[in-house]
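Hi,

Here is the structure I promised to pass on. Have a look at it first, and then read my notes below.

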Amino acid sequence: METESAASSAVPPPATTTTSASTEPKLPVCILVLGMAGSGKTTFIQRINAHLHTEKMPPYVINLDPAVHELPYPCNVDIRDTVNYKQVMKQYSLGPNGAIVTSLNLFATTFDQLLSLLEKNQTKHRYFIFDTPGQIEVFTWSASGSIITEALGATYPTVIVYIMDTPRSSNPITFMSNMLYAVSILYKYRLPFIIVLNKTDIIHHRFALEWMNDFELFQSAIEQEHSYSTDLCRSLSLVLDEFYTNLRCVGFSSITGDGCKEFFEAIDDACDEYEHVYKVEYNKWQEKRAKRETHKRDKDLKRIKDDLNQESSVIGEKRIRYDDMHNDGETDEDDDGDDDDDDGDDKNNNDFEREDESFKRYLSKSASKPTTMDT
Ligand SMILES: Nc1nc2c(ncn2[C@@H]2O[C@H](COP(=O)(O)OP(=O)(O)OP(=O)(O)O)[C@@H](O)[C@H]2O)c(=O)[nH]1
Ligand SMILES: [Mg+2]
């Protein structure tokens, strides 16, 4: 699974630096790079990887895109070493998108192995960076997206970096679709979130920031579009207003490297949010879950105990009844037997008495009659 790059293992461990608030070594930050197909995720990772190498903080890079042809950066863990995407297509008779989702699902089943690799490397690296496939639905509705994101979020400070293709998003309707994807991911995972407005070497990202800050500017941009979705976009922009308020947005060029400094400042800020908001909420949720489980276990134990008590009283009752029945049975049987004998005896006695009486009657009759002999 792991293909260590020589460069990454040769560098001192910045991850063991301690904070003033805590003496525990800082855990590496997981940067999960998501975005629509072709938005520049892989090129962005190549750029920040190069930047971190020059800063003597090489990251640990994990490629989760099974369909990528060639990677422009050295990668430590590659999904392609575990799952053969073409084979998945053949074996499950899937199209390219279905095969990507299935490959990632298959990979997610071995995610514990990746977690132990990360644990082994957590003292050597400051950042764990994850490249992902362009099929954004993997992270919005497939099981693997949730497994990967939640497992990372539970263990390490994790930040979702959403890459947006700025030139393409200069169309307000494409901008809105992109933002809807972003918001669905943000609200699904609740992890700290950064939007990287990529490809600023082609077009400056100022317009996007203005659209987010000024609702009316976006409305007037929509007015220029004569599309069926114009009305929908107008209504949605009202809804997204709250989402924009606390959003971190960074302009970036993966070609020139512009925006690297701002990006890492945003990462530091997002880590703070992870520690003070997400982790606190997560710990509360864990506590609640532990309480709920203890409560459920106690309830189950009590029910089992009650059942056992009831069962033993039923068994006791059954035995008493059985004993009664048994005794009755025996008595009945004896009685029956005795009755039979008694009946027999009575009959015999009666016969005897009857014979005795008739004999006595005969004697008395005979005594009162003159006998022939007397005559
Ligand atoms: N001009 C310019 N081009 C860029 C920039 N970032 C990426 N590109 C180009 O955009 C195209 C797509 O880049 P990738 O990095 O492959 O995009 P991706 O999001 O990884 O694509 P998928 O993995 O297929 O979803 C490539 O031709 C890149 O050279 C940038 O900042 N500026
Ligand atoms: Mg890519």
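Helices (H or I, at least four residues) and strands (E, at least two) are DSSP runs, numbered from the N terminus. Residues are numbered from 1 along each chain as its sequence is written, while chains are lettered from A and ligands numbered from 1 in the order in which they are written. Please keep in mind that this is a predicted model, where local features need pLDDT of at least 70 and side-chain atom pairs count only at pLDDT 80 or more, though totals for chains, interfaces and linings use all residues.

**Overall**

The protein has 13 helices and seven strands. Of its 375 residues, 32% count as buried, where buried means that 20 or more other C-beta atoms lie within 10 Å of the residue's own, exposed means 12 or fewer, and partly exposed is in between, with C-beta atoms placed from the backbone. As for contacts (C-beta atoms, placed from the backbone, within 7 Å), take those with a separation of 6 or more: residues 24 or more positions apart account for 77% of them.

**The sheet**

Seven strands make an open sheet with parallel pairing, and the order is S3-S2-S4-S1-S5-S6-S7. Strand S3 (77-78) and S7 are the edge strands, each pairing on one side only. At the S3 end, strand S2 (residues 60-63) pairs with S3 in the parallel sense over two bridges, and Asn63 has Asp78 in S3 as its bridge partner. Helix H2 packs on this sheet, where it touches strand S1 (29-35), S2, strand S4 (127-131), S5 and S6. The direction of H2 makes about 160° with that of S4 (axes are lines fitted to C-alpha atoms, for helices over the stretch in contact, and angles run from 0 to 180 degrees between N-to-C directions).

Now for S5 and its partners. S1 and S5 run parallel, joined by six bridges, with Leu34 opposite Tyr162 in S5. Tyr162 also has a bridge partner in S6, namely Ile195. How well covered is S5? Mostly covered, with eight of its eight residues buried. On one side those are Thr158, Ile160, Tyr162 and Met164, and on the other Val159, Val161, Ile163 and Asp165. In general, side chains in a regular strand alternate between the two faces of the sheet.

S6 is mostly covered as well, with six of its six residues buried. Phe193, Ile195 and Leu197 point one way from S6, and Ile194, Val196 and Asn198 point the other way. Strand S5 (residues 158-165) and S6 pair in the parallel sense over six bridges, and Val161 stands opposite Ile194 in S6. Between these two strands the chain crosses from S5 through H8 to S6, and the β-α-β crossover is right-handed; that is, with the strands pointing away from the viewer, the path from the first strand over the helix to the second runs clockwise.

Most residues other than glycine have a negative phi. Arg190 has a positive one, near 65°, and lies in the loop between helix H8 (172-189) and strand S6 (193-198). Arg190 counts as partly exposed because it has 13 C-beta neighbours inside 10 Å. Lys199 also has a positive phi, of about 70°, and sits in the loop between S6 and helix H9 (206-213). Buried or exposed, then, for Lys199? Lys199 is buried, because 24 other C-beta atoms lie within 10 Å.

**Ligand 1**

Which residues come nearest to ligand 1? Of the 17 around it, they are Gly40, Thr42, Thr43, Gly134 and Ser254, where a residue is near a molecule if its C-beta atom, placed from the backbone, lies within 6 Å of it. Helix H2 (residues 41-54) gives the largest share of the shell, three residues. By type, the shell divides into three nonpolar, 10 polar and four charged residues (Ala, Val, Leu, Ile, Met, Phe, Trp, Tyr, Cys and Pro count as nonpolar, Asp, Glu, Lys and Arg as charged, and the others, Gly among them, as polar).

Cheers

How values were computed
Contact = placed C-beta atoms within 7 Å. Pairing = 2+ DSSP bridges.
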